[in-house]
Amino acid sequence: MIVVKKQLINSQIKSNQVYLIDHENNNRGIVDTAEALQLAESVDLDLVVVSENKDIPVTKIVNYGKLQYQKKKRQTQSARPAVKEVRLRPNVGLADYNLRIAQATQWLSKGDSVKFAIRLRGREHQHREQAGEMLDRIVSALSEVGKVQSLDKRSLVLQVVPA
């Protein structure tokens, strides 16, 4: 669940003076609260406390509904973990394998989950055990930064989530 912290707006601001930033992002400095409210009403916007300092709160003249929407959208965007997919072939070179493991380690440390899929073509299907061994090597290589969510050796898919 996403919780958006309530901010003081318009008449809820009890301070006598505020540090004002107007609707055009111009710094107006320290202004009486009543004057700031009049200025906000004259442009049909809200006076919102952006930062509560000890002495004088910092306020901004903005559309409060729009501000809430943008905050909520930013929070949902940052809260959603991404699933990165890595596709490999069973006879991949050592350098390519190490590069994919390094990428996966980086993604897992950032909080994303990683899905490994091994694709077989033609006669590679006769050597499915090589692909299974590669999945086992991947699991052991990523055991420090992630844990296995699902390992399907039949479809040759491995899902790893951050530890």
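UniProt, in an unreviewed entry, places the feature "domain: Translation initiation factor 3 C-terminal" at residues 83-151. The model described here is predicted. Across residues 83-151, the end C-alpha atoms lie 15 Å apart. That span is 45% helix and 26% strand.

**Two domains**

The protein is divided into domain 1, residues 10-75, and domain 2, residues 79-162. Taken over C-alpha atoms, the centres of domain 1 and domain 2 are separated by 50 Å.

**Nonpolar cores**

The largest nonpolar core has 19 residues. Those with the most contacts inside this core are Leu-88, Val-114, Phe-116, Ile-118, Ile-138 and Leu-142.

In soluble globular proteins, nonpolar side chains tend to be buried together.

What does Leu-88 touch, not counting residues up to four places away in sequence? Its partners are Arg-100, Phe-116, Ala-117, Ile-118, Arg-119, Met-134 and Ile-138. Of these, Phe-116, Ile-118 and Ile-138 are also among the residues with the most contacts inside the largest core.

A second core is separate and has 10 residues. Leu-20, Ala-36, Leu-37 and Ala-40 are among them.

**Strand S8 and its partners**

How many of the 6 residues of S8 are buried? The count is 5, so S8 is largely enclosed by the rest of the structure. S8 pairs with S6 in the antiparallel sense, over 4 bridges. Lys-115 stands opposite Gln-159 in S8.

Strand S7, residues 146-152, also runs antiparallel to S8, and 6 bridges join the two. Here Val-148 stands opposite Val-160 in S8. S7 and S8 form a hairpin with 4 residues between the strands. In this hairpin, Leu-156 takes a positive phi near 55 degrees.

**Thr-33 in helix H1**

Where is Thr-33 placed? Its place is in helix H1, residues 33-42. Is Thr-33 buried or exposed? Thr-33 has a relative accessible area of 6%, so it is buried, the cut-off for buried being under 20%. Leaving aside neighbours within four places in sequence, Thr-33 is in contact with Ile-13, Ser-15, Asn-16, Gln-17, Val-18 and Leu-47.

Technical notes
Residues numbered from 1 in each chain as written. Predicted model: local features only at pLDDT ≥ 70, side-chain atom pairs only at ≥ 80, totals over all residues. Heavy atoms only, no water. Buried < 20%, exposed > 50% of the residue type's maximum accessible area, 1.4 Å probe, protein only. Contact = heavy atoms within 4.5 Å. UniProt positions renumbered as here; feature names shortened; annotations may be inferred. Domains from an automatic or database assignment. Core = buried A, V, L, I, M, F, W, Y, C linked by side-chain atoms within 4.5 Å. Pairing = 2+ DSSP bridges.
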